[in-house]
2 protein chains.
Amino acid sequence: MKELYWIAVDWGSSNLRVWALDKRHKILDSFSSSDGMLSLEIVEFEPLLLEKISNWVAGDVNIPVLCCGMVGAKQGWLEAPYATVPYNLMQDTDSVKVICRDNRLDVRILGGLKQNNPADVMRGEETQIRGFLSVFSDFDGIICLPGTHTKWVHVSAGEVVSFRTFISGELFALMSNYSVLKYSVNSDGWSDQEFKSAVSESISNPQKIFSDFFKLRADDLLNKVAKSVLRSKLSGYIIGAELAGAKPYWLGQNVVILADNNLSKTYKAALEGQGIFAQEVDATKCTLDGLSQAFSLIHGRH
Amino acid sequence: MKELYWIAVDWGSSNLRVWALDKRHKILDSFSSSDGMLSLEIVEFEPLLLEKISNWVAGDVNIPVLCCGMVGAKQGWLEAPYATVPYNLMQDTDSVKVICRDNRLDVRILGGLKQNNPADVMRGEETQIRGFLSVFSDFDGIICLPGTHTKWVHVSAGEVVSFRTFISGELFALMSNYSVLKYSVNSDGWSDQEFKSAVSESISNPQKIFSDFFKLRADDLLNKVAKSVLRSKLSGYIIGAELAGAKPYWLGQNVVILADNNLSKTYKAALEGQGIFAQEVDATKCTLDGLSQAFSLIHGRH
């Protein structure tokens, strides 16, 4: 590929996304696959990446490859240490160099961020935030990144000041797939109204969450409540309890939601019920912008 | 078996317990097995029970068998309807008769209890409470039945007045076996001090529970905190949030814990941290006493 200048890689737990880019970070080609780091042994990363990008690099030598995400975890390709918050994403970038067998590749992996007290970690989200800040450099406020492990991040003057992770997404998946509720919430339907009212209930009384969960089962058994309603309520109770816990982050703040799926709308609706009008931002674009920004910092091009 | 007068059965989701009893409800023999109702099809209940008790009933005719527990659920042997609280366990007993192929058996299944608002159900616990009340007939207060789905039950003048179920036990199992925490809490060890301090934190701030969960993971990654400590904290956070939600039940009340495993000590310790000195009661004895009491009500013997 004639104009190929570098390759950007977002390598998460369950997915791999790769972009071929030119000197101006313009996309020449891209692909995604389900070869997440959790499904790979350490010796499999290089051959897999090489195979996937073989039609891009044929004949080329020493192509820079920059990766972010769980690929840098202890169980990944090579452990990229966490930098500590507060951390200035616009000035600093930390990465590790991977020694590859094939010298056509010059691979670096970006490190995640850690917070000492309360203990917390992120890996991948820092790159999305970097991408967001590369466009909105003056942003001061809160970035919410919904997902399996939702992050609430305080950003000011280009710095990640502090953050908290909530396990809500994973909890919703466990409750709806493995718990006594699995048959009661087994539906693709959705009720925005039931969701919002459950969010409000749970924000006001987060301590009721574990009895609220069982109430869903009882409402199924005794009142034959529709599964779509029960599913919306389960989500509402969980996100409501999360919002109660994350209140110091969003209350009276400027909030942006950085996501690329339905979850963005769900969190937006939940926050609106609390009088917070959050902006939604495209996460895939932020990831690529963040990798581009980090590439420029590492390779001295601005 | 010469003196055999009736057979008591506690048939739960995962286990079966059976007692052979004489006229005075004295135990002649007993056994337990892992043939819980969840592992059985409807046509398998009668043959299984017959096979297990064949050496008791040989030659006998029309032996009364009284069952409690999930065997009376929709997916069980025969659905035994829920009675509605308030319900007087000392005066009333509701059961259904199972038509068996083998006429040596005269089987009845006790029904559970339901509460309309907030919706809630129990199946099996009502028999344990009945057994407790058959001994402590003047008890007025709260019975806590810890387990997969922990119940807090208000009892007065022989009546179950109201109750709430918390999904805490199941949540602990899901978090420790299937979530991102599974490697961090993988320990048999226990720290009473860490448990109690987590209970207190969580009672004061139940809305932090989903970030507290993730903090356990981060404390493992960043601070190499011992897995036994993380496991004790996970339990403490969950039970603390439950106690926060169940406060209207235990605050300033007379509390009894009805359980037959370590969970009893765990709940006792958690409540003591809140100034509540709960009595522990043996659950197996309560189950058998409850079945005996119900048998006497049904068959007119007191």
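User: In what order do the three strands of the open sheet in chain B stand, and what is the pairing?

Analyst: Let's start with how strands are found: they are DSSP runs (E, at least two residues), while helices are runs of H or I with at least four residues, each numbered from the N terminus. Two strands pair if DSSP finds at least two bridges between them. In this predicted model, the order in chain B is E5-E9-E10, and the pairing is mixed. The edge strands, E5 (83–84) and E10 (120–122) of chain B, each pair on one side only. A note on reading the model: local features need pLDDT of at least 70 and side-chain atom pairs count only at pLDDT 80 or more, whereas totals for chains, interfaces and linings use all residues. Residues are numbered from 1 along each chain as its sequence is written, chains are lettered from A and ligands numbered from 1 in the order in which they are written, and side-chain values use heavy atoms, with hydrogens and water left out.

User: In which sense do E9(B) and E10(B) pair?

Analyst: Strand E9 (residues 113–115) of chain B pairs with E10(B) in the antiparallel sense, over three bridges. Within that pairing, Leu113(B) has Met122(B) as its bridge partner.

User: Which peptide bonds in chain B are cis?

Analyst: Here is the general idea: most peptide bonds are trans. Among the cis ones is the bond from Val85(B) to Pro86(B), with omega near -5°; Pro86(B) sits in the loop between E5 and strand E6 (87–88) of chain B. Another joins Asn117(B) and Pro118(B), with omega about -5°, and Pro118(B) belongs to the loop between E9 and E10 of chain B.

User: What is the handedness of the crossover from E14(B) to E15(B)?

Analyst: Picture the strands pointing away from you: a crossover is right-handed if the path from the first strand over the helix to the second runs clockwise. Strand E14 (residues 255–259) and strand E15 (residues 279–282) of chain B pair in the parallel sense over four bridges. Between E14(B) and E15(B) the chain passes through helix H9 (residues 262–272) of chain B, and this β-α-β crossover is right-handed. In the pairing, Val256(B) stands opposite Gln279(B) of E15(B).

User: How many residues of chain A and chain B are in contact, and what area is buried?

Analyst: The size of an interface is often given as the accessible area lost when the parts come together. Buried area here uses a 1.4 Å probe and is summed over both parts, and contact means heavy atoms within 4.5 Å. In this structure, 41 residues of chain A are in contact with 42 residues of chain B. About 3500 Å² is buried between chain A and chain B, with carbon and sulfur atoms giving 75%. Of the area that chain A buries against chain B, Ile167(A), Phe210(A) and Phe214(A) supply 21%, more than any other three residues.

How values were computed. Buried area is the accessible area (1.4 Å probe) that two parts lose on being put together, summed over both.
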